[in-house]
Amino acid sequence: MAVREIVSIGHPVLREPAGAVPEGEITSDEIQALVDDLVETMRAAGGAGLAAPQIAVPLRVFVVEVRDNPRYPYKPHLPLRVLVNPKVRPLSEETFEVVEGCLSIPALRGRLRRHAEVELSYLDRTGERHVEQIRGLSSGTFQHEQDHLDGVLFVDRVEDPRTLTSWESFAAFQAERDGVALAAFD
Ligand code: ZN
């Protein structure tokens, strides 16, 4: 296991659609090492999620986990999940406004909308299929990570670029503003 370098916006791998992992290769040493490195790198960076393209691996794999995270004290706990070849499907038209950040876009946050309720379909690290329904802030985390597999970054979804803010300014001027879910993602 190793903590890998997280690449930042402008790196071409973040803009390419990632490739599916062949199902027969999920339990290979290579993919298992990738999963271990994603988990270790996410934890080292204090992130709530991390997608393989963020460590320059163009494959459809991401991990999410929220434990007691001092960066996101308002985020609900989320047990570790490893998602291989995931699909994320909105279950309703309902959306909510969030303020997101990204480990690949250092020091920037912005406002956007995410679906309030989604269905996840994915394979875990043993190749077993799972289907789950997720609501609320946690559902936004999965949508953020799924976007990374399609070459999409949160800044693409910010409707008003004037909402972009540094973390420092967010804490100073916006954190107390009501009506917005304070959700930073990976
Ligand atoms: Zn991100």
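Predicted model: local features only at pLDDT ≥ 70, side-chain atom pairs only at ≥ 80, totals over all residues.
Student: Which residues touch the most other members of the largest nonpolar core?

Tutor: A nonpolar core is a set of buried Ala, Val, Leu, Ile, Met, Phe, Trp, Tyr and Cys residues joined through side-chain atoms within 4.5 Å. Buried means under 20% relative accessible area, exposed over 50% and partly exposed in between, using a 1.4 Å probe on protein chains only. The largest such core has 19 residues, and those touching the most other members are Leu34, Leu38 and Val61.

Student: Which element gives that core its largest share?

Tutor: Helices (H or I, at least four residues) and strands (E, at least two) are DSSP runs numbered from the N terminus. Helix 1 (29–45), strand 2 (61–66) and strand 3 (78–90) each supply at least two residues of the core. The largest share, six residues, comes from helix 1.

Student: Which elements do the buried residues of helix 1 pack against?

Tutor: The buried residues here include Leu34, Val35 and Leu38. Contact means heavy atoms within 4.5 Å. The packing partners are strand 1 (49–51), strand 2 and strand 3.

Student: What is the distance between the end C-alpha atoms of helix 1?

Tutor: The expected span of a helix is 1.5 Å times one less than its number of residues. For the 17 residues of helix 1 that should come to 24 Å, and the model agrees: the end C-alpha atoms are apart by 24 Å.

Student: What is the bridge partner of Val61 in strand 3?

Tutor: Two strands pair if DSSP finds at least two bridges between them. Strands 2 and 3 run antiparallel and are joined by five bridges. Beyond its neighbours within four places in sequence, Val61 has contacts including Leu34, Leu38 and Val84. Its bridge partner in strand 3 is Val84.

Student: How is the aromatic pair arranged: stacked, edge-to-face or tilted?

Tutor: Rings of Phe, Tyr and Trp (its six-membered ring) pair if their centres lie within 6.5 Å; planes under 30 degrees apart count as stacked, over 60 as edge-to-face and the rest as tilted. The structure holds one such pair. The rings of Phe62 and Phe142 have centres 6.3 Å apart and planes at 55°, so the pair is tilted.

Student: How many residues apart are Phe62 and Phe142?

Tutor: Both are buried. Phe62 belongs to strand 2 and Phe142 to helix 2 (residues 137–149), so to speak linking distant parts of the chain, and they are apart by 80 residues.

Student: Is helix 2 largely enclosed or open, and how many of its residues are buried?

Tutor: Helix 2 is largely enclosed by the rest of the structure. The reason is its count of buried residues: 13 of the 13.

Student: Which rings does the charged end of Arg109 sit over?

Tutor: A charge sits over a ring if NZ of Lys or CZ of Arg is within 6 Å of the ring centre and within 35 degrees of the ring normal. For Arg109, one ring centre is 4.1 Å away, that of Trp167. The other, at 4.2 Å, is that of Phe170.

Terms used: Residues numbered from 1 in each chain as written. Heavy atoms only, no water.
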